[in-house]
Amino acid sequence: TLRKPISQSSMADWASKNLNMHTQGIFRRRISISNMLSWNGGSIKKPMLITSNRTIKKEACEMFKLVQSYMGDRQTRMDRNHVALVTVTKCWSMQGLRDELYIQLIRQTTDNICYRSLAWGWELMAISLAFFSPSPKFQSYLEGYIYRHLDSDEKIAQHIKDLKNKKITKSRKKRKQNTEDEGLPISTYAKYCYRKLQKVAVTGGKKGLRKPTVEEIMHARNAILTPSLFGSSLEEIMLRQQDMYPGNKLPWVQTQLSQQVLALGGEQTEGIFRIPGDIDEVNALKLQVDQWKIPNSLSDPNIPASLLKLWYRELEEPVIPQQFYKECISNYENPDAAVAVVQLLPELNRLVLCYLIHFLQIFAQPSNVGRTKMDVNNLAMVMAPNCLRCQSDDPRVIFENTRKEMSFLRMLIVHLDTTFVKGLV
């Protein structure tokens, strides 16, 4: 469900307080806010947003050229993947540049009469959202901008037509008038960016010490049209694997990562699911899995174990859907009632949950607990947040429900009969 973002007047108010107003001409007249936020074919002499950081001031002007290069509005010797990589890496490494990039993209995708350039600007925004979120201060503004483009294709086409019919400024006369429709409809980018913004605001984007790679840039671009196996709904994931694994009843990513944990001796590894795998290696594996590949070079079971937890946690809707949440926490001490909730779940969710519980039951066996030091209580503690999501913002409710969520999952590990799952893929 899309929440309605801030109003147009609130966005204008934000812009008036935070934009670093530019000047022009020999008398240094201030440029209006609407011109500050309209496509510009030239360079900029100072950042779009107010900042006192000297490094940011210098980098912001260079970054504007990179944005223009990616959008095809400035000539460059670099290919577009490399331009995106340099841009994203700057912002990923330097937090103060992130809002600046997003406001520059807002500028260059406003009143832009070249459809191809416009589409590439939105594409760069989508790629960037795969790596980092805007600051909480700027998030509402960006959200408001994206929201206004969710169903905007006809309006954009008409607006471009109107702009072309008006007197074109000198700077735009110089511009190569390649205005053929190229790229996806803008609403496709906007819908993707809107969902991505909601997620990255919570998850915080790319983690680890390794800088972004060209492969990750290409993967982020492909995800606009091809949903990732991470962060999608179970239905989307099953639909996506229909061509490759038409007979599978369970998500390929779930079964493959689970089997990898066991193949690498995870059930005999101390702290499995509690000790995180190296974040850069987890990111690298995620990239491979999203291309339906499991590398042969894996040796640490904590890597697939961490990625498996991430997959459950990032599902668009949790394995136990929200409408069953109250029943779960109401029956956290009643084994029969807890098992009965599982039978009420939609068929796909029921199978996915039963597969997970069957998997955890392997680790809960006394012979394995002796080696892993992860008994049923520990397993329930690390896995419950990945299966159930409390919607309350009240810390007391969250704290109380966390205990109930753990107890509910513990009931399932101990009492749910999952023998029918054996051999299921």
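Reader: Are Trp 14 and Phe 138 buried or exposed?
Author: This is a predicted model, in which local features need pLDDT of at least 70 and side-chain atom pairs count only at pLDDT 80 or more, while totals for chains, interfaces and linings use all residues. Residues are numbered from 1 along each chain as its sequence is written, and side-chain values use heavy atoms, with hydrogens and water left out. A residue is called buried under 20% relative accessible area, exposed over 50% and partly exposed in between, with a 1.4 Å probe and protein chains only. By that rule, both Trp 14 and Phe 138 are buried.

Reader: How many aromatic pairs does the structure hold?
Author: Rings of Phe, Tyr and Trp (for Trp, its six-membered ring) pair if their centres lie within 6.5 Å, and planes under 30 degrees apart count as stacked, over 60 as edge-to-face and the rest as tilted. On that definition, the number of aromatic pairs in the structure is 13.

Reader: Why does the pair of Trp 14 and Phe 138 get its class, and what is that class?
Author: A pair of aromatic rings is described by the distance of the centres and the angle of the planes. For Trp 14 and Phe 138 the centres are 5.1 Å apart and the planes stand at 50°, so the pair is tilted.

Reader: How many residues apart are Trp 14 and Phe 138, and which helices hold them?
Author: Helices (H or I, at least four residues) and strands (E, at least two) are DSSP runs, numbered from the N terminus. Trp 14 is in helix α1 (residues 8-18) and Phe 138 is in helix α7 (residues 136-147), so that the pair links distant parts of the chain, 124 residues apart.

Reader: Which residue forms one aromatic cluster with Trp 14 and Phe 138?
Author: The two rings of this buried pair belong to one aromatic cluster with a further residue.

Reader: Which residue lies over the face of Trp 120?
Author: A charge sits over a ring if NZ of Lys or CZ of Arg is within 6 Å of the ring centre and within 35 degrees of the ring normal. Lys 206 lies in this way over the face of Trp 92, at 5.7 Å from the ring centre. Over the face of Trp 120, at 3.9 Å from the ring centre, lies Arg 80.

Reader: How many of the residues of α6 are buried?
Author: Helix α6 has 15 residues and reaches 21 Å from its first C-alpha to its last, close to the 21 Å expected at 1.5 Å a residue, where the expected span is 1.5 Å times one less than the number of residues. The helix is mostly covered, and of its 15 residues the number buried is 14.

Reader: What separates the centres of domain 1 and domain 2?
Author: The domain assignment of the chain gives domain 1 (8-165 + 185-225) and domain 2 (234-421), with bounds that come from an automatic or database domain assignment. Taken over C-alpha atoms, the separation of their centres is 37 Å.

Reader: Which three residues supply 52% of the area that domain 1 buries against domain 2?
Author: The contact, meaning heavy atoms within 4.5 Å, takes 11 residues from domain 1 and 10 residues from domain 2. Buried area is the accessible area (1.4 Å probe) that two parts lose on being put together, summed over both, and here it is about 850 Å², 50% of it on carbon and sulfur atoms. The three residues, which supply more than any other three, are Arg 195, Arg 210 and His 219.

Reader: Which residues does Ser 258 touch?
Author: Ser 258 is found in helix α13, and its relative accessible area of 1% makes it buried. Not counting residues up to four places away in sequence, Ser 258 touches Leu 308, Tyr 355 and Phe 359.

Reader: Why is Lys 373 counted as partly exposed, and what is its relative accessible area?
Author: Lys 373 is found in the loop between α19 (366-372) and α20 (376-387). Its phi is positive, about 60°, although Lys 373 is not a glycine, and most residues other than glycine have a negative phi. Lys 373 is partly exposed because its relative accessible area is 48%.
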